[in-house]
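Please view the sequence and structure below before reading on.

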Amino acid sequence: MGARCSTCCFCLWPSNIKSHVMYSSDIEKWAENEQLNLPAFKEYGLEELKAGTSSFSNDNIVSEHGEKAPNVVFKGRLNGNGRWIAIKRFQSSAWPDSRQFLDEAKTVGQLRSKRLANLLGCCCEGDERLLIAEFMPHETLSKHLFHWDNRPLEWSMRLRVALYLAQALDYCSSKGRALYHDLNSYRVLFDQDCDPRLSCFGLIKNSRDGKSYSSNMAFTPPEYLKTGKVTPESVVYSFGALLLDLLSGKHIPPSHALDLIRGKNFLMLIDSCLEGHFSNDDGTELVQLASRCLQYEPHDRPNVKSLLTSLTSLQKEKDVPSNVLMSIAHETTSPAQVSLTPLGDACLKCNLTTIHEILDKAGYKEDEGIANELSFQMWANQIQETLNTRKSGDSAFRDKDFTIAIKCYTQFLEGGNVKSPTVLARRSLCYLMSDKPQEALADAIQAQVQFSNWPTAFYLQAAALFTLGMESDARETLKDGSSLDFRRMRQ
């Protein structure tokens with residue numbers, strides 16, 4: 001572990017961290033030997049990525065600082081197989097040597113682990129430099145720690161995040177990728193089962209010659225400020241800062257936290273939302289571990305193997321699925337086991353007549369925010385003709401004249417800047433009725449882009465995928481819609 005630090009009270013205490021041996025069989029549970037059902041790394045064409053992101057529309061930006069970020073991350077969907085992806089778009093000057101960028105991406109693209117949001121490919125066309133990774137649907141650790149809506153992250157789940165993150169770093173280190181750039185709560189993502197994963201994007205610098213840390217310097221390892229170089233010990237320091245996030249539910253600068261620890265006021269660090277939900281011994285152990293990670297001298301910090309040993313012994317509720325700990329509906333493996341709404345059931349059975357009846361009856365209630373915008377624009381006498389076109393489409397849709405409905409809805413969508421996921425959903429069904437499932441899928445995906453939490457968009461995608469014979473993808477998409485419906489009902 002290295003020499004003890006004379007300034008940290010925890011390092012003067014006898015260690016009470018339990019010993020635990022990580023057997024090879026434990027590691028195999030989450031290493032690359034698992035069957036992840038992922039495609040091999042490939043080079044994607046720029047036009048394919050543009051099509052999947054509506055030409056890199058701002059509406060598809062999912063990175064924390066939006067379009068103002070130096071390197072922006074977009075959510076997209078591949079038209080060929082419907083797979084959701086995350087695309088990191090670098091500044092044009094970030095990697096001038098395309099071969100160097102490609103070699104770096106290919107190396108990271110060989111990694112495969114359930115603890116990573118894995119890299120699926122890249123794109124190097126012209127000045128464009130893009131990375132394509134698995135998309136994680138349940139957002140970032142930052143969202144669940146600092147900006148939660150209904151309930152804070154449970155203690156058991158915070159411990160699981162720490163362990164899974166350490167496992168991810170250990171796996172990467174075992175494959176020769178021990179350096180991780182700017183490790184922070186935005187880099188920890190939650191997959192479809194709500195299991196935490198480490199973003200693969202941090203395994204590649206933001207530019208060939210750029211900084212490895214883009215966050216506040218108060219969270220940067222002290223040796224990096226001196227040398228500008230990332231080391232495995234620097235990654236452990238950032239891991240310690242993440243442990244502070246998990247403990248406190250706040251983004252506390254390490255220097256401030258260490259002052260509290262030295263004054264034996266460490267309980268002030270613990271998130272007040274967790275009061276009564278953990279033992280003082282467990283809290284003490286995690287604070288102690290964070291303190292050791294944040295030592296000023298790199299050689300005084302534990303290595304990743306030691307982190308694994310300590311965190312494994314702290315785990316609680318090991319048999320409880322992550323989605324249960326996070327109160328998010330479980331995505332079961334069979335649609336027959338999913339409690340579906342009438343629309344979900346109709347899409348499962350591809351009962352287009354029932355889908356039509358449901359969509360017609362639902363009207364435009366899901367466009368309420370947009371309806372307010374339309375009312376203002378109507379008052380301004382700017383788009384009355386466009387609205388009349390939509391009404392003509394609605395009339396044709398009601399009368400089941402799907403050819404005319406497609407024509408009118410297309411004119412509406414192309415006639416102004418108004419967004420309407422409901423129009424896209426209706427046109428999607430019209431395409432299904434007209435035996436054009438590929439066009440139906442594209443419209444349902446675009447409806448999802450405009451209204452990311454709308455179950456109807458997922459259900460219509462499932463219907464289109466079933467029609468295209470892509471049953472596995474259809475079932476997964478159907479489960480996504482059911483999960484969103486479940487969350488709506490619980491709100």
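In which helix do Lys 479 and Glu 476 both lie, and how many residues apart are they? Both belong to helix H21, where 3 residues, about one turn of the helix, separate them. The model is a predicted one, and its salt bridges number 18.

- Lys 479 and Glu 476 form a salt bridge in which the closest N and O atoms are 2.6 Å apart.
- Lys 479 is buried, at 6% relative accessible area, whereas Glu 476 is partly exposed, at 36%.
- A salt bridge also joins the side chains of Glu 471 and Arg 475, with an N to O distance of 2.6 Å.
- Glu 471 and Arg 475 are 4 residues apart in helix H21 (residues 471-490), so about one helical turn separates them.
- Glu 471 is partly exposed, with a relative accessible area of 41%, and Arg 475 is partly exposed too, with 28%.

**A link between separate parts of the sequence**

- The side chains of Arg 301 and Glu 223 meet in a salt bridge, at 2.8 Å from N to O.
- Arg 301 is in the loop between helix H10 (280-293) and helix H11 (304-314), while Glu 223 is in helix H7 (residues 222-227), so this pair ties together parts that lie 78 residues apart in sequence.
- Arg 301 counts as buried, at 5% relative accessibility, and Glu 223 is buried as well, with a relative accessible area of 12%.

**A network**

- Salt bridges link Glu 134, Asp 191 and Arg 197 in a network.

Definitions and conventions: Residues numbered from 1 in each chain as written. Predicted model: local features only at pLDDT ≥ 70, side-chain atom pairs only at ≥ 80, totals over all residues. Heavy atoms only, no water. Salt bridge = Lys/Arg side-chain N within 4 Å of Asp/Glu carboxyl O. Helix = DSSP H or I, 4+ residues; strand = E, 2+ residues; numbered from the N terminus. Buried < 20%, exposed > 50% of the residue type's maximum accessible area, 1.4 Å probe, protein only.
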